[in-house]
Amino acid sequence: MFKDGVSQRYVPGRNRAASPYRFELEVDPETWFLEDEGYELAVFHSHPSSPARPSRTDVENIGLWEGKPYLILSAGTGDLAAFTIEAGRIASVPLTT
């Protein structure tokens, strides 16, 4: 979660698909109410061996997360990158430390 552009909290979700190749992100429904408190929700997940950029699966399964910050860590390289995905289009989001 972000507030004023700064990462504030991490709320773990789970992969409803229970697969190392596909995911269906499941988050406690109460998490969505945090947007009413000024938080911006985001997705953070890892790719075990592929680059830190959205895969075809990421784009096709964006669902409720469309337009929200989408951070990907490449576990193989340690690279971290952020994007938004809207209407099948991927846009990079700058990260600062």
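The following exercises, each with a worked solution, concern a predicted model.

Residues are numbered from 1 along each chain as its sequence is written, and side-chain values use heavy atoms, with hydrogens and water left out. Because the model is predicted, local features need pLDDT of at least 70 and side-chain atom pairs count only at pLDDT 80 or more, while totals for chains, interfaces and linings use all residues.

**Exercise 1. Describe the surroundings of His47.**

Step 1. Locate the residue. His47 belongs to strand β5, residues 43-47. Strands are DSSP runs of E with at least two residues, helices are runs of H or I with at least four, and both are numbered from the N terminus.

Step 2. Buried means under 20% relative accessible area, exposed over 50%, and partly exposed in between, with a 1.4 Å probe and protein chains only. With a relative accessible area of 7%, His47 is buried.

Step 3. List the contacts, defined as heavy atoms within 4.5 Å. Leaving aside residues up to four places away in sequence, His47 touches Arg53, Ser55, Asp58, Ile72, Leu73, Ser74, Ala75 and Gly76.

Step 4. Ser74 is 27 residues from His47 along the chain, yet their C-alpha atoms are separated by 5.0 Å.

**Exercise 2. Determine whether Thr57 is buried or exposed, and name its contacts.**

Step 1. Thr57 is part of helix α1, which covers residues 56-60.

Step 2. The relative accessible area of Thr57 is 19%, so this residue counts as buried.

Step 3. Beyond residues up to four places away in sequence, Thr57 touches Arg22 and Phe23.

**Exercise 3. Find the salt bridges and state which parts of the chain they connect.**

Step 1. Apply the criterion. A salt bridge is a side-chain nitrogen of Lys or Arg within 4 Å of a carboxyl oxygen of Asp or Glu. Side chains of opposite charge can pair when their charged atoms come close. The whole structure contains 4 salt bridges.

Step 2. Consider Glu26 and Arg14, whose side chains meet at 2.6 Å, N to O. Glu26 lies in strand β4 (residues 25-26) and Arg14 in strand β3 (residues 14-15), so this pair ties together parts 12 residues apart in sequence. Glu26 is partly exposed at 27% relative accessible area, and Arg14 is partly exposed at 47%. A network of salt bridges links Arg14, Arg16 and Glu26.

Step 3. Turn to Glu35 and Lys68, with their closest N and O atoms 2.7 Å apart. Glu35 is in the loop between β4 and β5, and Lys68 is in the loop between α1 and β6 (70-74); the pair therefore ties together parts 33 residues apart in sequence. Glu35 is partly exposed, at 32%, whereas Lys68 counts as buried at 17% relative accessibility.

Step 4. Compare the arrangement of Arg56 and Glu60, whose closest N and O atoms are 2.8 Å apart. Both residues lie in helix α1, 4 residues apart, about one turn of the helix. Arg56 is exposed at 66% relative accessibility, and Glu60 is exposed at 52%.

**Exercise 4. Characterise the lining of the largest pocket.**

Step 1. Define the space. On a 1 Å grid over the protein atoms alone, a pocket is an open set of points where a 1.4 Å probe fits, with protein on both sides within 12 Å along at least five of seven lines; lining residues have an atom within 4 Å of a point. Grid points are joined across faces, edges and corners, and the volume is the space filled by probe spheres set on the points.

Step 2. State the volume and centre. The largest pocket holds about 1,200 Å³ of space. It is lined by 45 residues, of which Val43, Phe44, His45, Ser46 and Leu71 are the closest to its centre.

Step 3. Assign the lining to elements. β2 (6-7), β3, β5, α1 and β7 (80-86) each supply at least two residues. β5 gives the most, with 5 residues.

Step 4. Sort by class. The lining has 24 nonpolar, 15 polar and 6 charged residues. Here Ala, Val, Leu, Ile, Met, Phe, Trp, Tyr, Cys and Pro count as nonpolar, Asp, Glu, Lys and Arg as charged, and the others, Gly among them, as polar.
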